[in-house]
Amino acid sequence: MVDLALGMKDGFPREVGIKRKIENILRTLFRKWGYQEVEPPSIEYYSTLEKALGEEIKERLFKFIDREGKLVCLRPEFTTSIARMYSSEFLDITVPVRVFYDGKIFRYPSSPFRTECEFTQVGVESLGQNSVSIDAEIVALAISSLQGIGIQNFQVDISHVGVYQGILDSLGLDKKIRESIHSLVGKKDFTGLKKIIKNLSLPHPKVGNLLIEFPFLRGKIDVVDHASSFFDSNQKILATFNRIKEIWNILVDFGLERHVVVNLGLVRDFDYYTGLIFEGFSPLIGYPLLAGGRYDNLFSLFGKDLPACGFALFAERLVEIMAEAAFSSSPTTPISIQYPPRLRAKVFSISENFRQKGIPIIMEEKPKDSPYLTIVGTKGTFDLKESEWGKIEEIIEREQEKHG
Amino acid sequence: MDDKLTISLPTGRLKKDSLALLSQLPDWPSGFEFESRKLVFEEATSPYRIVFSHPKDSSTYVEFGAADLGIVGKDILLERGNEVYELLDLKIGSCTMVLAGPQGVTRSQLWEKEELRIATKYPNFTRKYLQERGITADIIPLYGSIEVAPTIGLSDAIVDLVSTGTTLKENQLWVIEEIVPISARVVANRVSIKIKAQLIQQFIKKLEKVVKHE
């Protein structure tokens with residue numbers, strides 16, 4: 001018995017089968033929307049990732065020293081790598097660029113009680129345009145992804161990073177209190193938050209209450225009007241609210257609003273978001289299925305001013321849901337042809353014919369003097385004498401009929 | 001979709017006080033015999049499904065979505081660091097997390113010790129507490145009778161919950177630092193709070209009124 005490396009997971013056929021099926025659905029879908037696949041490298045310099053990532057995630061990176069003595073990391077997500085790729089000054093691009101990716105990411109767990117470190121992310125990025133229509137396209141594609149996989153019951157929460165920033169700004173807090181409030185919101189400790197806010201003498205106490213009610217600032221678009229009423233007309237946050245409305249209106253035109261919830265209390269744990277943020281949920285599982293948003297300053301960290309918007313789906317969580325929903329699970333069982341050596345050429349040609357039609361065939365050679373050719377399928381085992389060797393195709397085809 | 005709220009309640013110390021609060025809710029089911037040894041209570045007409053758990057497990061049930069809401073001591077939340085929303089302070093089960101040591105010992109005496117050992121039921125919390133103060137110590141995780149650890153020479157000090165201080169006195173200990181006030185909290189699962197937002201918000205509002213009247 002040899003130990004599996006801590007935090008790693010072996011993928012066996014059933015789960016991998018479901019995962020590949022989901023990946024194929026998503027890749028086909030993304031291509032249909034005009035996105036092209038890219039493959040960023042597995043490893044990046046720490047100095048690259050450091051520019052873009054927040055403190056919490058930086059502590060969870062897999063870090064190594066390469067042979068030149070530079071600190072390198074396994075990628076913890078794709079977005080930063082794609083920003084680095086497309087920031088190259090030697091790359092001529094016509095915007096908007098629509099790309100997608102599908103691969104493994106590596107992060108140490110956020111809690112000492114978890115172990116898993118390797119995950120599959122499938123996602124898209126739209127680079128080069130800061131427009132409401134791109135924001136809406138990305139949310140629509142996220143919804144279409146969950147529908148395409150066949151998830152019936154889901155919801156996508158949308159918001160804008162400017163909501164939370166705007167509320168904090170309008171409270172006019174000193175830096176220290178602002179930081180402790182930010183830390184409590186990060187920890188989702190709303191009892192602690194309430195205690196701090198009740199003890200402050202705020203210029204706009206109602207805005208303080210808005211923060212206490214943060215997890216419940218949600219609904220359809222009316223929640224934006226409700227929240228707007230707490231602010232003076234000159235405040236920056238109103239432009240933020242307006243942007244959410246514009247995105248919402250497009251999603252209404254797409255006929256997708258029944259899947260969308262405006263959740264002004266949404267906070268994402270990556271620091272690079274600058275606009276739209278969103279997450280997708282199913283009642284079947286306690287974690288988001290997808291997450292994304294707009295990050296217009298990420299590329300400028302790498303020397304190019306390029307707005308961008310995207311999202312990623314967490315494939316293992318989708319597998320968990322689809323496994324529960326008995327996602328036409330059983331992988332096709334291959335048919336086995338066991339043949340005496342003198343039939344090798346004939347059986348190979350028959351097998352190739354079926355394989356081309358998508359029917360999986362296994363060839364197994366028998367001892368030299370074997371009098372029978374044997375076909376093992378889901379319906380049974382057939383031993384064919386020399387006189388019946390013309391019937392091989394017929395039997396395999398019958399297997400298919402019965403099976404299908 | 002499931003339109004009931006599953007609530008995880010702690011057995012033990014907090015059970016009685018939690019139920020005393022909850023039973024004041026207008027829609028709290030009256031027919032359940034919570035005194036029995038049963039752990040899951042459910043009936044068609046009740047808007048709540050109630051699951052009793054070990055007090056240390058309540059927030060874990062919530063984190064993993066086995067319950068939408070839970071009642072749990074703040075001490076457990078600090079120790080486990082569960083990814084849950086903390087929504088309401090119930091102001092029951094109040095006590096204080098303290099650093100305590102033999103009577104007469106001061107904090108600087110402790111911090112200056114060459115090899116400091118601290119016994120606790122809260123090793124994760126204690127590690128973070130010491131790290132924030134720049135102190136290195138050996139942490140001795142114990143499951144019970146923390147107060148005797150200094151007396152029998154197992155540790156120099158303890159990090160533990162104190163309510164009246166009687167147990168400390170009986171063991172010739174005193175409070176060196178009050179670290180953080182503790183009481184029971186209502187926590188919510190991070191997906192439930194989105195999928196069942198209205199139910200949860202209404203529940204919290206109703207419960208808040210009961211807490212304020214205390």
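Modeller: I would begin with strand β13 (residues 335-339) of chain A, where four of the five residues are buried, so the strand is largely enclosed by the rest of the structure. Please keep in mind throughout that this is a predicted model.

Colleague: Which strand does β13(A) pair with, and in what sense?
Modeller: The partner is strand β14 (residues 361-365) of chain A, and the two pair in the parallel sense over five bridges. To take one position, A:Ile337 has A:Met363 in β14(A) as its bridge partner.

Colleague: And chain A as a whole, how many helices and strands?
Modeller: Chain A has 14 helices and 16 strands. Its C-alpha trace spans about 95 × 55 × 45 Å along the principal axes, and its radius of gyration is 27 Å, whereas a compact globule of 404 residues would have one near 22 Å.

Colleague: What share of the residues in chain A is buried?
Modeller: Of the 404 residues, 51% count as buried. As for the surface, chain A exposes about 19,900 Å², of which carbon and sulfur atoms supply 51%.

Colleague: You mentioned α9(A); which of its residues are buried?
Modeller: In helix α9 (residues 205-212) of chain A, the buried ones are A:Val207, A:Gly208, A:Leu210, A:Leu211 and A:Ile212. They pack against α6 (161-170), α7, α8 and α10 (222-228) of chain A.

Colleague: On phi, then, what is the value for A:Lys188?
Modeller: Phi of A:Lys188 is near 60°, a positive value in a residue other than glycine. A:Lys188 is found in the loop between α7 (175-186) and α8 (190-199) of chain A.

Colleague: Is A:Lys188 buried or exposed?
Modeller: A:Lys188 counts as buried, because its relative accessible area is 17% and the cut-off for buried is under 20%.

Colleague: And B:Lys91, buried or exposed?
Modeller: B:Lys91 is exposed, with a relative accessible area of 58%. B:Lys91 also has a positive phi, of about 55°, although it is not a glycine, and its place is the loop between β5 (85-89) and β6 (95-102) of chain B.

Colleague: Staying in chain B, what is the strand order of the open sheet?
Modeller: The open sheet has six strands in the order β2-β3-β1-β4-β11-β5 (chain B), with mixed pairing. Its edge strands are β2 (40-41) and β5 of chain B, each of which pairs on one side only.

Colleague: How many bridges hold β2(B) to β3(B)?
Modeller: Two bridges join β2(B) to strand β3 (residues 48-53) of chain B, and the two strands run antiparallel. B:Ile50 in β3(B) is the bridge partner of B:Phe41.

Colleague: Last one: where does A:Asp383 sit, and what does it touch?
Modeller: A:Asp383 is in strand β16 (residues 380-384) of chain A and is partly exposed, with a relative accessible area of 45%. Leaving aside neighbours within four places in sequence, A:Asp383 is in contact with A:Tyr372, A:Leu373, A:Thr374 and A:Glu388. A:Leu373 is ten residues from A:Asp383 in sequence, and their C-alpha atoms are 5.8 Å apart in space.

Technical notes. Residues numbered from 1 in each chain as written. Chains lettered and ligands numbered in written order. Predicted model: local features only at pLDDT ≥ 70, side-chain atom pairs only at ≥ 80, totals over all residues. Heavy atoms only, no water. Rg over C-alpha atoms; globule rule 2.2 N^0.38 Å. Buried < 20%, exposed > 50% of the residue type's maximum accessible area, 1.4 Å probe, protein only. Areas by Shrake-Rupley, 256 points an atom, 1.4 Å probe, with all protein chains shown as cover. Pairing = 2+ DSSP bridges. Contact = heavy atoms within 4.5 Å.
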